[in-house]
Amino acid sequence: MKKLALIVSVVTATLFSFGVKADEPFAAVKAIVGRLAGGYNGAAEAGADTTKANAAMALFEFVEDGSVAAGAAKVGPHDGKIRITASDAAGASYGLGQYVKDTQKGHISWCANRIPDTWPVPTEETTYTPAVPVRLAYNYCTLSYTMAYWSKEAWQNEIDRLALS
């Protein structure tokens with residue numbers, strides 16, 4: 001079981017960073033914003049229109065703060081931007097997912113994502129804390145039977161979905 005957990009952790013860390021340079025703590029979370037907004041994957045392809053993605057990413061400000069509990073985040077307004085304060089990328093991505101659900105009234109699922117074109121700035125700061133300290137997904141059959149055949153895009157969508165939950 002420990003070996004499986006290690007394999008899942010390594011695969012998740014690798015896939016979570018597709019096309020993202022790790023020059024800052026929340027680079028992967030910013031890339032998720034871009035993908036949600038307009039298909040941006042961290043490294044724009046030649047001729048790709050990244051206008052919506054860039055506009056959405058410009059609305060967010062990510063702040064690292066060790067006083068926020070691990071895995072939790074504070075989401076609120078700051079100078080006309082959406083500020084997400086967290087102690088780590090896992091907390092920031094969870095806060096982003098909660099913002100999409102609560103403030104933006106969006107929906108992220110296997111079937112389809114429903115992300116509105118507008119990214120409203122919250123009126124007040126809200127703290128989001130996961131209901132459980134450790135979140136798990138899948139079982140060994142899922143990893144062995146189906147996921148081995150997924151495309152890079154399918155993996156990226158799944159990792160984004162897990163990070164936002």
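Two strands are said to pair when DSSP finds at least two bridges between them.

**The whole chain**

Display the chain as a cartoon. There are six helices and four strands, and along the sequence they follow the pattern α-α-α-β-β-β-α-β-α-α. Of the 165 residues in the chain, 35% are buried. Among contacts between residues at least 6 apart in sequence, 51% join residues at least 24 apart.

Next, colour the chain by confidence. The average pLDDT is 79, and 77% of the residues score at least 70. Confidence is highest in β4, at 94, and lowest in helix α1 (residues 2-16), at a mean of 43. Over residues 1-22, pLDDT stays under 50. Where pLDDT is low, the predicted coordinates should not be read in detail.

**The sheet**

Select the four strands together. They form an open sheet in the order β1-β3-β2-β4, with mixed pairing. β1 and β4 are the edge strands, each pairing on one side only. From one strand to the next, the twist averages 25°. Helix α3 packs on this sheet and touches β1 and β3; the direction of α3 makes about 45° with that of β1.

The sheet may now be followed strand by strand.

- Select β1 (residues 60-64) and β3 (residues 81-86). These two strands pair in the parallel sense over five bridges. Within this pair, glutamate 61 has arginine 83 in β3 as its bridge partner.
- β2 and β3 pair in the antiparallel sense over six bridges. Here histidine 78 stands opposite lysine 81 in β3.
- Look at the turn between β2 and β3. This hairpin has two residues between the strands, and aspartate 79 takes a positive phi near 50°.
- Finish with β4 (126-128). Three bridges join β2 to β4, and the two strands run antiparallel. Alanine 73 stands opposite tyrosine 128 in β4.

Centre the view on tryptophan 119. Leaving aside neighbours within four places in sequence, tryptophan 119 is in contact with residues including Val33, Leu36, Ala56, Phe60, Ile82 and Tyr99. Others on the list of contacts of tryptophan 119 include Ala37, Leu59, Val100 and Gln104.

**Helix α2**

Select α2, which has twelve residues. From its first C-alpha to its last, α2 reaches 17 Å, close to the 16 Å expected at 1.5 Å a residue. Why is α2 described as largely enclosed by the rest of the structure? Ten of its twelve residues are buried, so the helix is largely enclosed. Among the buried residues of α2 are Val29, Ile32, Val33, Arg35 and Leu36.

**Helix α4**

Move to α4. Its 14 residues should span 20 Å at 1.5 Å a residue, and its end C-alpha atoms are 20 Å apart, which agrees. α4 is mostly covered, with ten of its 14 residues buried. The buried residues of α4 include Gly91, Ala92, Tyr94, Leu96, Gln98 and Tyr99.

Within α4, pick glutamine 98. Is glutamine 98 buried or exposed? The cut-off for a buried residue is under 20% relative accessible area. Glutamine 98 has 12% relative accessibility and therefore counts as buried. Not counting residues up to four places away in sequence, glutamine 98 touches Thr103, Tyr128 and Leu164.

**Last stop: alanine 163**

Select alanine 163, which lies in helix α6. Alanine 163 counts as buried because its relative accessibility is 14%. Finally, draw a distance from alanine 163 to alanine 92. The two residues are 71 apart in sequence, and their C-alpha atoms are 9.1 Å apart in space.

Terms used. Residues numbered from 1 in each chain as written. Predicted model: local features only at pLDDT ≥ 70, side-chain atom pairs only at ≥ 80, totals over all residues. Heavy atoms only, no water. Contact = heavy atoms within 4.5 Å. Buried < 20%, exposed > 50% of the residue type's maximum accessible area, 1.4 Å probe, protein only. Expected span 1.5 Å × (residues − 1). Axes fitted to C-alpha atoms, helices over the stretch in contact; angles between N-to-C directions. pLDDT = per-residue confidence, 0-100.
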